[in-house]
Amino acid sequence: MAVDLLLGLQWGDEGKGKIVDVLTKNYDIIARFQGGPNAGHTLEFDGHKHVLHTIPSGIFHDEAVNVVGNGVVIDPVIFRKELAALDKFEIDIKSRLLISRKAHLILPTHRLLDAASETAKGKAKIGSTLKGIGPTYMDKTGRNGLRVGDLELSNWKDRYRALADKHEAMIHFYDVDIQYNLQELEAEFFSAVEVLKKLTFIDSEEYLFQAQKAGKSILAEGAQGSLLDIDFGTYPYVTSSNTTAAGACTGLGIAPNRINKVFGIFKAYTTRVGSGPFPTELFDEDGKTMGRVGNEFGATTGRPRRCGWLDLVALRYAVQINGVTHLMMMKSDVLSGFETIKVCTAYHYQGKKIHHLPFNIEASEVTPVYAEFKGWKQDLTRMNSEEQLPQNLITYIEFLEESLEVPIQIVSVGPDRTQTIHRELAVS
């Protein structure tokens, strides 16, 4: 049985959590393959909003097993809070949530290092969520990290102490004024680790291999978005992991030839949290309207998202590097009411008109070239079939499909799982 993959095609916040929740009924296993609690997947159903940071988005489905893969970094303190929020749903966490022994742990000193590093950058800071993600991945690649499987060893606290002491020396090196009480942070951390140790740890690559042999259906769930990929994103304003399709192979131990469908999620417009280039960003009333109507605030940080028109150059790039087979367009309802909808179809770059994403997309280097479409006034949130969608939106969708050469399978018309239109003509 092949593995399907779902990931974001922009700078994150595309609505992946909702789509995983919608698709979970078709899968036996949902497996998260990268990132940490710097990501937030928001799900809405039965009148309630749920925000997950590390736990896969299939956790609310009774039949699905959820795997936190080796490519994920876990903060036990945040993880414990996530588990506590699930208590009222009476989920059998022991059997439904499995943790890879090879996943790395975020220590309290990782978060302190993150804060010290960002503070030291001053105005050049990259907009870190300060969750300790970057320093944890640095320890992973530097072969210093502490992993979930280490918690099963009798001397794991000695390993912790050696790494934490090293971190403290590094914090002092930054010579910045950050206040902290490590004793209090460690007490909270050790308490949360005891909760984590009650969960089921697995050798995830073996578990998923045997599941494939047994004919189980698997959906790999990505976090953040393709334009935040450490290699292919808008570096250095990126995350610390591979958010693209290749990350599913290294983050779960799945062979590349086992990947089947690649679901790419994008908004009908574009948003970005934090620093970094954003060619189609709007600073006018249209941008403010998108942010207000779309409730554009980070699920993890609460920071307001920057808003702009859809960037087809960047989206085409993400489709290309991920090998996307099916597209899902989110938040089309947010664009209702605009007289004119714009789409960036090319850039003016170094005196030329180009259609690919260049090395540098800073505002000083690129100027977006726009195509314009007539907007629509209708409220989409109560629509439940493609036939009900306004013709101007259909024209917009068909233009995107033609430009991207990939069918748009799902059009989301609201945050609830029921506000999802499946387009029959786009299903392969």
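Are W376 and Y396 buried or exposed? Both W376 and Y396 are buried, where buried stands for under 20% relative accessible area, exposed for over 50% and partly exposed for what lies in between (1.4 Å probe, protein chains only). The model is a predicted one, in which local features need pLDDT of at least 70 and side-chain atom pairs count only at pLDDT 80 or more, while totals for chains, interfaces and linings use all residues. Residues are numbered from 1 along each chain as its sequence is written, and side-chain values use heavy atoms, with hydrogens and water left out.

A pair of aromatic rings is described by the distance of the centres and the angle of the planes. Rings of Phe, Tyr and Trp (its six-membered ring) were paired if their centres lie within 6.5 Å, and the planes were classed as stacked under 30 degrees apart, edge-to-face over 60 and tilted for the rest. This rule gives a count of eleven aromatic pairs. One of them is the tilted pair of F373 and F399, with 4.8 Å from centre to centre and 55° between the planes. Because F373 belongs to strand 18 (residues 366-374) and F399 to helix 12 (residues 391-404), this pair ties together parts that are 26 residues apart in sequence; helices (H or I, at least four residues) and strands (E, at least two) are DSSP runs, numbered from the N terminus. F373 is buried, at a relative accessible area of 15%, whereas F399 is partly exposed, at 23%. W376 and Y396 make another tilted pair, 6.1 Å centre to centre and with 55° between the planes. Here W376 comes from the loop between strand 18 and helix 12, and Y396 from helix 12, so parts 20 residues apart in sequence are tied together.

Elsewhere, ring pairs link W156, Y160, F189 and F190 into a cluster. The face of F190 also has K157 lying over it, at 4.8 Å from the ring centre; for such a placement, NZ of Lys or CZ of Arg must be within 6 Å of the ring centre and within 35 degrees of the ring normal. Likewise, the charged end of K342 sits over the ring of Y370, at 5.6 Å from its centre.

Strand 2 (residues 29-32) is covered on both faces, with I29 and A31 buried on one side and I30 and R32 buried on the other. In a regular strand the side chains alternate between the two faces of the sheet. Strands count as paired if DSSP finds at least two bridges between them. Strand 2 runs parallel to strand 5 (residues 65-68), joined by four bridges, and V68 is the bridge partner of R32 there. Four bridges also join strand 2 to the parallel strand 10 (residues 218-221), in which E221 stands opposite R32.

S204, in helix 8 (residues 204-213), is buried at 0% relative accessibility. Leaving aside residues up to four places away in sequence, S204 touches V67, N70 and S100, a contact being heavy atoms within 4.5 Å.

What of the cysteines? With a disulfide defined as a pair of cysteine sulfur atoms within 2.5 Å, a search of the whole structure finds zero disulfides. The sulfur of C307 is 16 Å from the closest cysteine sulfur, in C344, which is too far for a bond. C307 is buried, with a relative accessible area of 4%, and C249 is buried at 15%.
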